[in-house]
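Morning, everyone. Please have a look at the structure on the screen, and then I'll walk you through it.

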Amino acid sequence: MDWSSAFSCIAAFLLVPALCASDDRLVSGKPLSPGAAAISDGGDFALGFFSPSNSTPPKLYLGIWYNNIPRRTVVWVVNRATPIIVDSSSDSSSPAVPSLALTNTSDLVLSDTSGQIVWTTNLTTVTSYSSSSPSTAVLMNTGNLVIRSLNGTVLWQSFSHPTDTLLPGMKMRLSYRTLAADRLVSWKSPEDPSPGIFSYGGDSDTFLQFFIWNGSRPAWRTSVWTGYMVASSQFQANARTAVYLALVDTDDEISLVFTVSDGAPPTRFLLSDAGKLELLGWNKEASEWMMLTATGRDCFSYGHCGPGGFCDATSAVPTCKCLDGFEPASAEWSSGRFSQGCRRKEARRCGAAGDGHFVALPGMKVPDRFTHVGNRSLDECAVECGGDCNCVAYAYAALSSSARSRGDVTRCLVWTGELVDTVRLGPGCPWGTVGAGGDSRETLYLRVAGMPGKRKQRNVVKIAVPVLASMLIVTCISLSWFCVFKGKKRNVKKLKKAKFREY
């Protein structure tokens, strides 16, 4: 076929994707080309070539999209950074056609119009297999593209290589051994699948929180994970959809798993090109995607209230406030610009009298930039922070179990620098905790200068509680002994006086 015919077929396919559909699988010797699509067995998803409407010259991408939704919604793209350029001016009499083929070594290979390899699964570097054993690539009705050996072993799957979308059943993994982390990466724009500037994933430095990054800078952060082996949270997105988020901890990895209730319409998490993690559900009646919930803006953006400040999300209108012992650092605070945060009302002095008490702030999304100290009880965590002149705050969680800590069921967090990205959370605030495993509001113990006032007296946590208790016990024993001794001495004197009278 000449190039004009090939281009016509590509154009026809782009306009009517279901026109030339194959079955749900690829086998060796039967490649997938523009003009055809693999359709999952239940009909929910399609795999094939697509081109954004505004690309000139046309750029071809290989991807997976919802097959039963009239508005094409792509959920996975193979060659985001290396699109196949369609050059209709080619005068070659028999040009090659882009294709996705399964080789006899069980690799998926995407080739461009010149036969050059654009992308491959490259299984030879990640797994062992027998090239003599036939395999198939199957598009599942979950939207997962899977390479299976003859005996059913999964050799590779697209769910392990997310792009910008999290589908029900997918996992966001973070490996303890290799520190490798799955990330969602946004599109550059709604019509440009190439990698954008925003990404979402687990924090490999702490293994305790998830971030949205703008390049290398944090843009949004979950609450700190409470550390339970299986911690889940549920919220009702609408009357038909309940969303379940579970954080699962094993010896090898920690993973965030997303599922929905049975009978729910198509539902997905999307990291948008604007840097928001959005939960979207398909509204069949309106024939459009409906926003179910999304990461918050302004007050919930990373560090919006500045160092020493916190977002009070329990208010009807979330607003920035200063932590106890702090005041606005700039007059701009009153005009709604909070980036400079808050400063201490009184300078801290190490070793100064009255500088060793902590105010308890319950219901908090604790700040970022903490140090995780293992094998510490609550009292030991308080002493750990109280004994360090540079420590400004601590938080503690007693964990029911933790595979990561291998028997350590404590979690002590301490802060020695600025307190950034602190939020007071309400009980129904899923986006403060999504990715953190349930309700992870905690009590933040904040060191404040000076002696505690009456108003804060019941919230004050003393550092040396065991020492004070010991002193009270010793004092009580001493008083008791003194009273007994004086009583005996008084009785002896009375006895002597009585005997003297007898004589």
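A disulfide here is a pair of cysteine sulfur atoms within 2.5 Å. Before I use that, two notes on the source. This is a predicted model, where local features need pLDDT of at least 70, side-chain atom pairs count only at pLDDT 80 or more, and totals for chains, interfaces and linings use all residues. Residues are numbered from 1 along each chain as its sequence is written, and side-chain values use heavy atoms, with hydrogens and water left out.

Now, the disulfides. The structure holds five. I'll take you through some of them.

Start with C299 and C311. Their sulfur atoms sit 2.3 Å apart. The torsion about the S-S bond is about 125°, so this disulfide is right-handed. Where are the two cysteines? C299 is in the loop between β25 (288–294) and β26 (309–312), and C311 is in strand β26, so the pair ties together parts that are 12 residues apart in sequence. Strands and helices are DSSP runs, numbered from the N terminus: E, at least two residues, for strands, and H or I, at least four, for helices.

Are these cysteines buried or exposed? Buried means under 20% relative accessible area, exposed means over 50%, and partly exposed is in between, using a 1.4 Å probe and protein chains only. C299 is buried, at 7%. C311 is buried too, at 1%.

Next, C322 and C342. Here the sulfur atoms are 2.1 Å apart. The link is left-handed, with -85° about the S-S bond. C322 lies in strand β27 (residues 319–322) and C342 in strand β29 (residues 342–344), so the pair ties together parts that are 20 residues apart in sequence. C322 is partly exposed, with a relative accessible area of 21%. C342 has 8% and counts as buried.

Then C381 and C412. Their disulfide has an S to S distance of 2.0 Å. The link is right-handed, with 80° about the S-S bond. This pair links distant parts of the chain: C381 in helix α2 (residues 378–386) and C412 in strand β33 (residues 410–415), 31 residues apart. C381 is buried, at 0% relative accessibility. C412 is buried, also at 0%.

On to R221. This arginine lies in strand β19 (residues 217–221). R221 has 0% relative accessibility and counts as buried. What does its side chain meet? A polar contact is a pair of N or O atoms within 3.5 Å; within protein, one must be able to donate a hydrogen and the other to accept it, and residues adjacent in sequence count only if both atoms are side-chain atoms. The side chains of R221 and Q209 make one at 2.9 Å. A polar atom of the R221 side chain also lies 2.7 Å from the backbone oxygen of V366.

Last stop, the largest pocket. A pocket is found on a 1 Å grid over the protein atoms alone: an open set of points where a 1.4 Å probe fits, with protein on both sides within 12 Å along at least five of seven lines, and lining residues have an atom within 4 Å of a point. The lining has 21 residues, of which R71, R72, T73, W187 and P190 lie nearest the centre. Strand β23 gives the most, with three residues. Domain 1 (17–122 + 133–159) and domain 2 (162–295) both give residues to the lining, so the pocket lies between them. Those bounds come from an automatic or database domain assignment.
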